[in-house]
Amino acid sequence: MSYQIRSISFPARSSHHPIILRTEYELNKLQSWQHDRSISSSSTMAESVFFSLSRLEELYVCMDGILQLPSTRQALSNAQHSPFVDSLLDASLKLLDVCTSSRDATLMIKEGVRELQTAVRRRRIGADSSGGLEMIISNYICFRKRMKKGVNRYMALLKQIEQELEGGSLLPQHPDHHLSSLIRAVRDVILANASIFESLLMFVSAQESKTRKVASKWSALASRFTSKQQQAVSKSDSKCASNEFAALDAELFEVAKGTTMSGSEIQSMMHGVEMIVDGMESSLERVFRCLIKARASFLNIRSH
């Protein structure tokens, strides 16, 4: 899975506001990570998710700094810009919905994996004589199928955000280049969040083919502020990094079909998934707090 971040059109570097430079720096870090991943065979999807979520937190810190500037607040409080602020409010609500649902899904995955781990241990010591493991595997597979279907709803919400904000028709036009860049940066942080959440959902639901489509869509977003060397994507990018959720799903499907289970191998897979889920829980909790703060700022601006 690779991440590339929406570009921001900046004026001459000498006139950059410090918060814009910081936002550009954070976006470039994500872009550089994507490029480095494309030429590395050791990087995993989980690493991409954790890195992207951590940089997303920093992007929200940047956006909060932008929203606290009196010039930004005054410009966005203008009545003629209310459609843009309304779109930001709507996007923040959709992102909160996706973030909350993602956290709930990770909790359910962890509970399911722990049930599987207990059942496998019972089978290994001969304490499972009633087919309990088979039932738990069947339940987990059914849950994963429902989850994959449910992901489509949240992907649709993220698409709505992109369609509303990407065109630029709602973006306020301002003669002050500093202010225009600040406002565009707010829009681009929201779009970056939507794209990262798309890839996160595809990773957790193990829908890898769609994940690659999301990654390719991101490839055009950073072209206006990265160098040609940074934009180069290695042919090795076509090699899909391992997806721990997909690997466990595949193993359980085989067991459900009657394939003999390797106890140690499946325990290792479950342990890996559990560690990823634990990390995602804390990361999503921090992003959730960032989203709450951003929404509060949008509401304050809208009420003026």
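The model is predicted, so local features need pLDDT of at least 70 and side-chain atom pairs count only at pLDDT 80 or more, while totals for chains, interfaces and linings use all residues. Residues are numbered from 1 along each chain as its sequence is written, and side-chain values use heavy atoms, with hydrogens and water left out.

**The core**

Let's start inside. A nonpolar core here is a set of buried Ala, Val, Leu, Ile, Met, Phe, Trp, Tyr and Cys residues joined through side-chain atoms within 4.5 Å. The largest one has 83 residues, and Tyr60, Ile109, Ile190 and Phe197 touch the most other members. Among the elements that give two or more residues to this core are helix H1 (18–38), helix H5 (132–166) and helix H9 (244–256). H6 provides the largest share, 17 residues. Helices are DSSP runs (H or I, at least four residues), numbered from the N terminus.

Contact means heavy atoms within 4.5 Å. Leaving aside neighbours within four places in sequence, tyrosine 60 is in contact with residues including Leu95, Ile190, Cys290 and Ala294.

**A helix pair**

Helix H4 (residues 82–124) packs against helix H10 (residues 263–303) at an angle of about 160°, their axes 8 Å apart. The two are therefore roughly antiparallel, a term for angles over 145 degrees. Axes are lines fitted to C-alpha atoms, for helices over the stretch in contact, and angles run from 0 to 180 degrees between N-to-C directions. In the contact of H4 with H10 there are 25 nonpolar, eight polar and twelve charged residues. Ala, Val, Leu, Ile, Met, Phe, Trp, Tyr, Cys and Pro count as nonpolar, Asp, Glu, Lys and Arg as charged, and the others, Gly among them, as polar.

Buried means under 20% relative accessible area, exposed over 50%, and partly exposed in between (1.4 Å probe, protein chains only).

| Residue | Relative accessible area | Class |
|---|---|---|
| Valine 204 | 4% | buried |
| Aspartate 64 | 19% | buried |
| Arginine 73 | 21% | partly exposed |

Valine 204 lies in helix H6 (residues 177–204). Not counting residues up to four places away in sequence, valine 204 touches Ile109, Arg144, Met147, Phe245 and Met280. Its C-alpha atom is 8.2 Å from that of threonine 106, 98 residues apart along the chain.

Aspartate 64 sits in helix H2 and, with residues up to four places away in sequence not counted, touches Lys293 and Ser297.

Arginine 73 belongs to helix H3. Arginine 73 and phenylalanine 298 are 225 residues apart in sequence, yet 9.3 Å apart in space, C-alpha to C-alpha.

Notes:
Angles under 35 degrees count as roughly parallel, over 145 as roughly antiparallel, 65 to 115 as roughly perpendicular and the rest as oblique.
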